[in-house]
Each structure stands twice: as structure tokens, then as C-alpha cells.
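This report describes a single protein model for a reader who has its sequence and coordinates at hand. Its headings take up confidence and architecture, then the helices, the cores and some individual residues.

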Amino acid sequence: MSSNFKYHAVSYLYNKAISDKSKSEASLEIILEHPAGIGDHSTNDLYNTLDEALDIIVDAKDRIEVLESMYPKMTKGIKARWKHFDHGGADAREDNTPPPF
């Protein structure tokens with residue numbers, strides 16, 4: 001297996017975990033901070049959605065941790081590439097903190 005493929009595979013897995021985590025954090029924030037935005041759903045639906053979002057966050061954090069421990073140089077390089085594209089645009093955080101990688 002070429003190292004180029006390995007880098008792209010690890011990059012995919014790492015970025016997917018970060019994406020899954022971010023998506024679920026956004027879902028939790030919408031549900032917890034803007035409950036009127038969830039529409040007309042049963043309480044059971046709400047709890048299932050909360051449980052699912054938290055499960056995805058826990059799973060994504062575990063995947064990130066495993067990849068960082070198995071491929072520290074690659075994941076450090078991937079994070080550096082993310083910082084290269086962070087120009088404080090629409091994705092910038094209000095408190096100017098870096099993404100929680």
C-alpha cells in the first residue's frame with residue numbers, strides 16, 4: 001500500500017470523525033438552545049434524537065483519539081492543513097478559539 005493512499009485514507013477517516021462530531025454538536029445546540037426549532041415531535045422522538053447525537057459525538061471523539069494515537073504525524077499534518085484554511089471567515093468561532101481538534 002502506498003504511503004499516499006495511507007495518508008488519504010487516514011485523512012478521510014479523521015475528517016469524517018470531525019465532521020460527524022461537528023454535525024452532532026450542531027444538532028444538540030439546536031435542540032437545547034432553540035427548542036422551538038424542533039417542530040412538533042413527541043417526547044420520545046426528542047430523547048431518541050438527543051441520545052443519537054450524544055452517541056455520535058462519543059463515537060467520533062473515540063475515532064479521533066484512536067487515529068491520533070495510531071498516526072500522530074499524519075493527524076498533526078491534517079490539523080495543520082485545517083489551520084491553513086482558517087481565515088476567520090464564516091466558520092470562525094465567536095470567541096476566536098480554534099476548532100476543538
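## Terms and model

A residue is called buried when its relative accessible area is under 20%, exposed when that area is over 50%, and partly exposed in between, with a 1.4 Å probe and protein chains only. Helices (H or I, at least four residues) and strands (E, at least two) are DSSP runs, numbered from the N terminus.

The model is predicted, so local features need pLDDT of at least 70 and side-chain atom pairs count only at pLDDT 80 or more, while totals for chains, interfaces and linings use all residues. Residues are numbered from 1 along each chain as its sequence is written, and side-chain values use heavy atoms, with hydrogens and water left out.

The average pLDDT (the predictor's confidence in each residue, from 0 to 100) is 83 for the protein, and 75% of the residues score at least 70. Confidence is highest in α2, at a mean of 94, and lowest in α3, at 85. Where pLDDT is low, the predicted coordinates should not be read in detail.

## Overall architecture

The secondary structure consists of 3 helices and 0 strands, which follow one another along the sequence in the pattern α-α-α. Of the 101 residues in the protein, 19% are buried. The protein exposes about 7700 Å², of which carbon and sulfur atoms supply 55%; accessible areas come from the Shrake-Rupley method with a 1.4 Å probe, and for residues only the protein chains shown count as cover.

Contact here means heavy atoms within 4.5 Å. Among contacts between residues at least 6 apart in sequence, 75% join residues at least 24 apart.

## Helices α1 and α2

Helix α1 takes in residues 3-33, and its 31 residues should span 45 Å at 1.5 Å a residue, which agrees with the 44 Å between its end C-alpha atoms; the expected span is 1.5 Å times one less than the number of residues. Helix α2 has 28 residues and reaches 41 Å from its first C-alpha to its last, close to the expected 40 Å.

The buried residues of α1 are Val-10, Ser-11, Tyr-14, Ala-17, Ile-18, Asp-20, Lys-21, Ser-24, Leu-28 and Ile-31. In α2, Leu-50, Ala-53, Ile-57, Ala-60, Ile-64 and Leu-67 are buried. An α-helix has 3.6 residues a turn, so residues three or four places apart point the same way.

## Nonpolar cores

A nonpolar core is a set of buried Ala, Val, Leu, Ile, Met, Phe, Trp, Tyr and Cys residues joined through side-chain atoms within 4.5 Å. The largest such core has 8 residues, namely Val-10, Tyr-14, Ala-17, Ile-18, Ile-64, Leu-67, Met-74 and Ile-78. Each of α1, α2 (43-70) and α3 (72-85) supplies at least two residues of this core, and α1 gives the most to it, with 4 residues. Apart from this core lies another, of 5 residues, among them Leu-28, Leu-50, Ala-53 and Ile-57.

Leu-50, found in helix α2, touches Leu-28, Ile-31 and Leu-32 when residues up to four places away in sequence are not counted. The C-alpha atoms of Leu-50 and Ile-31 are separated by 8.0 Å, although the two are 19 residues apart along the chain.

## Individual residues

Asp-20 lies in helix α1 and counts as buried because its relative accessibility is 16%. Leaving aside residues up to four places away in sequence, Asp-20 touches Ile-56, Ala-60 and Arg-63, whereas Ala-17, leaving aside its neighbours within four places, is in contact with Ala-60, Arg-63 and Ile-64.

Lys-6, also in helix α1, is partly exposed, with a relative accessible area of 34%; its C-alpha atom is separated by 9.4 Å from that of Met-74, 68 residues apart along the chain. Arg-81 lies in helix α3 and counts as partly exposed at 46% relative accessibility. The side chains of Arg-81 and Tyr-7 are joined by a polar contact of 3.4 Å, a term for a pair of N or O atoms within 3.5 Å in which, within protein, one must be able to donate a hydrogen and the other to accept it, and for which residues adjacent in sequence count only if both atoms are side-chain atoms.
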